[in-house]
Amino acid sequence: MNGLTVRPHLDSNGRDLAIEHVQDVEPILEWNRQARRDEQSAEWGRHVARIPNVIYVKWLDEERARGNTSLRMFTPEFDLIVQKKLGDPEWAYLRTDRPSLQAGWSAGLL
């Protein structure tokens, strides 16, 4: 995971460990803003989103907190979670397409 820094923090009790994931996401978000301005003319294989690695980690952690401890990143099961998240207006800034212009069978999946 390029650009991702992992910082372990040991609690003063000497037993508890917290892991912090840090990434400068501004270049990715700026790239997404620019990409949304461009019309995608391809009939197949349109670019939908560019997701910072820290967001992938956040989504994985959220699922594990819900009890889905067997979930692994970049599996078909995780891909479905990502697809659902990208359909949520809260995460629209990660998209590189313009969902309002989508047509066809894939538009209903998001």
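Modeller: The answer below begins with the aromatic rings and then turns to other parts of the chain.

This is a predicted model, in which local features need pLDDT of at least 70 and side-chain atom pairs count only at pLDDT 80 or more, while totals for chains, interfaces and linings use all residues. Residues are numbered from 1 along each chain as its sequence is written, and side-chain values use heavy atoms, with hydrogens and water left out.

The structure contains six aromatic pairs. Rings of Phe, Tyr and Trp (its six-membered ring) are paired if their centres lie within 6.5 Å; planes under 30 degrees apart are called stacked, over 60 edge-to-face, and the rest tilted. Tyr 56 and Phe 74 form an edge-to-face pair, because their ring centres are 5.1 Å apart and their planes stand at 65°. This pair links distant parts of the chain, 18 residues apart: Tyr 56 belongs to helix H2 (residues 53-65), and Phe 74 to the loop between H2 and helix H3 (76-86). Helices (H or I, at least four residues) and strands (E, at least two) are DSSP runs, numbered from the N terminus.

Tyr 56 also pairs with Phe 78; this pair is tilted, with 6.1 Å from centre to centre and 45° between the planes. Because Tyr 56 lies in helix H2 and Phe 78 in helix H3, the pair ties together parts that are 22 residues apart in sequence.

How covered are these rings? Buried means under 20% relative accessible area, exposed means over 50%, and partly exposed lies in between (1.4 Å probe, protein chains only). Tyr 56 counts as buried because its relative accessibility is 16%. Phe 78 is likewise buried, at 0%, whereas Phe 74, at 51%, counts as exposed. Ring pairs join Tyr 56, Trp 59, Phe 74, Phe 78, Trp 91 and Tyr 93 into a cluster.

Another ring has a charged neighbour. Arg 50 lies over the face of Trp 31, at 4.6 Å from the ring centre; a charge sits over a ring if NZ of Lys or CZ of Arg is within 6 Å of the ring centre and within 35 degrees of the ring normal.

Helix H1 (residues 26-37) includes Asn 32. Asn 32 counts as buried, because its relative accessibility is 0%. In sequence, Asn 32 and Ile 51 are 19 residues apart, and in space 9.1 Å, C-alpha to C-alpha.

The strands complete this account. S1 and S2 pair in the antiparallel sense over six bridges, where two strands pair if DSSP finds at least two bridges between them. Val 6 has His 21 in S2 as its bridge partner, and Leu 10 has Leu 17 in S2. The hairpin of S1 and S2 has six residues between the strands, and in this hairpin Gly 14 takes a positive phi near 80°. Ile 19 is found in strand S2 and counts as partly exposed because its relative accessibility is 45%.
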